[in-house]
Amino acid sequence: MKRGKKYLESLKAVDSSKSYEAADAINLALETAKAKFDETVELHVRLGVDPRQADQQVRGTVVLPHGTGKNVRVLVIAKGEKADIAEKEGADIVGAEDIINKILTENFLDFDVCITSPDMMGQMGRVAKILGPKGLMPSPKSGTVTPDIGKAIRETKAGKVEYRLDKTAIIHCPIGKKSFGTEKLQENYHTLMDAIVKAKPAAAKGAYVKSVYVASTMGPGIKVMHRA
């Protein structure tokens, strides 16, 4: 893969043989974020678990103290009182069967998070094959299937992120924008890392956190020193 001039210049600033303290790694990620837009800073954590085993899955949600910097579009699929609550709490789109049909027939995906009430889950199965691969299917584990629609919307708008293991045993998750600065990004970083560490499955053996990297959207990965 051919890399651009700015990326190669940024790469020179990073010692790939070294593990940096979190604050230093985040500082370096900001220094090497040279794009003209407000780059996202991401955390990448490789875990010592087997993602093929059901008892070694790592998945959860956490509210970052400073959010992600992204304006999250929230779709709520609910009826009656719960739909009214969703509108009052500032959901961007509220509907029921009409939205499900729109997803099904028009491949409507103009939202970042889908929240639904438990009574609608029977119908949500119709769109599972569309939403699932996009990571948009509501789930009780991520708090997006809930009777407390109001709380779910507030947390999502406040900066709740979902972290989950991919097939290569890595968690990829945003911790904010370049414009946040080191201090806010560091607080978000520690909040997310604490949540991942606490989510260690009982079946996990040996070293749980194998490696930790931070990187901006267009910048190189910077290895972070993790103390178990």
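Guide: On a 1 Å grid over the protein atoms alone, a pocket is an open set of points with protein on both sides within 12 Å along at least five of seven lines, and a lining residue has an atom within 4 Å of a point. Please keep in mind that this is a predicted model.

Visitor: Fine. How much space lies in the largest pocket?

Guide: The largest pocket holds about 820 Å³ of space. Its lining is made up of 27 residues, and the closest to the centre are D112, V113, G135, V161 and E162.

Visitor: Which elements give two or more residues to that lining?

Guide: Those elements are the strands β1 (40–47), β2 (59–63), β5 (113–116), β6 (160–164) and β7 (170–177).

Visitor: And how do the lining residues divide into nonpolar, polar and charged?

Guide: The lining of the largest pocket has 9 nonpolar, 9 polar and 9 charged residues.

Visitor: Switching to helices: what should α8 span, going by its residues?

Guide: Helix α8 covers residues 182–198, and at 1.5 Å a residue its 17 residues should span 24 Å, which agrees with the 24 Å between its end C-alpha atoms.

Visitor: Which residues of α8 are buried?

Guide: The buried residues of α8 are T182, L185, N188, Y189, L192, M193, A195 and I196. Seen down the axis of α8, these buried residues fall within an arc of 160 degrees, so they line one face of the helix. The face turned away from that buried side carries E183 and K198, which are exposed.

Visitor: What covers the buried residues there?

Guide: The cover over the buried residues of α8 includes α2 (22–31) and the strands β1, β2, β6, β7 and β8 (209–216). Leaving aside residues up to four places away in sequence, I175 touches V41, E42, L43, L64, G67, F180, L185, N188, Y189 and L192.

Visitor: How far is I175 from V214?

Guide: Their C-alpha atoms are separated by 9.2 Å, although I175 and V214 are 39 residues apart along the chain.

Visitor: What about α7, which residues are buried in that helix?

Guide: In α7, the buried residues are I149, G150, A152, I153 and T156. They cover an arc of only 165 degrees around the axis, and therefore sit on the same side of α7. The buried residues of α7 pack against β3 (74–77), α3 (80–88), β5 and β6. Just after α7 comes G159, with a positive phi of about 120 degrees.

Visitor: Where do N107 and A169 lie?

Guide: N107 lies in the loop between α4 (97–106) and β5, while A169 lies in the loop between β6 and β7.

Visitor: Is A169 buried or exposed?

Guide: A169 is buried, with a relative accessible area of 7%, whereas N107 is partly exposed, at 47%.

Visitor: Last one: where is G132?

Guide: G132 lies in the loop between α6 (128–131) and α7 (149–158), and G132 is partly exposed, with a relative accessible area of 36%. The C-alpha atoms of G132 and K177 are separated by 27 Å, and these two residues are 45 residues apart along the chain.

Key
Residues numbered from 1 in each chain as written. Predicted model: local features only at pLDDT ≥ 70, side-chain atom pairs only at ≥ 80, totals over all residues. Heavy atoms only, no water. 1 Å grid on protein atoms, 1.4 Å probe; cavity = no way out; pocket = protein on both sides within 12 Å on 5 of 7 lines; lining within 4 Å. Points joined across faces, edges and corners; volume = space filled by probe spheres on them. Helix = DSSP H or I, 4+ residues; strand = E, 2+ residues; numbered from the N terminus. Nonpolar A, V, L, I, M, F, W, Y, C, P; charged D, E, K, R; others polar. Expected span 1.5 Å × (residues − 1). Buried < 20%, exposed > 50% of the residue type's maximum accessible area, 1.4 Å probe, protein only. Arc of directions from axis to C-beta. Contact = heavy atoms within 4.5 Å.
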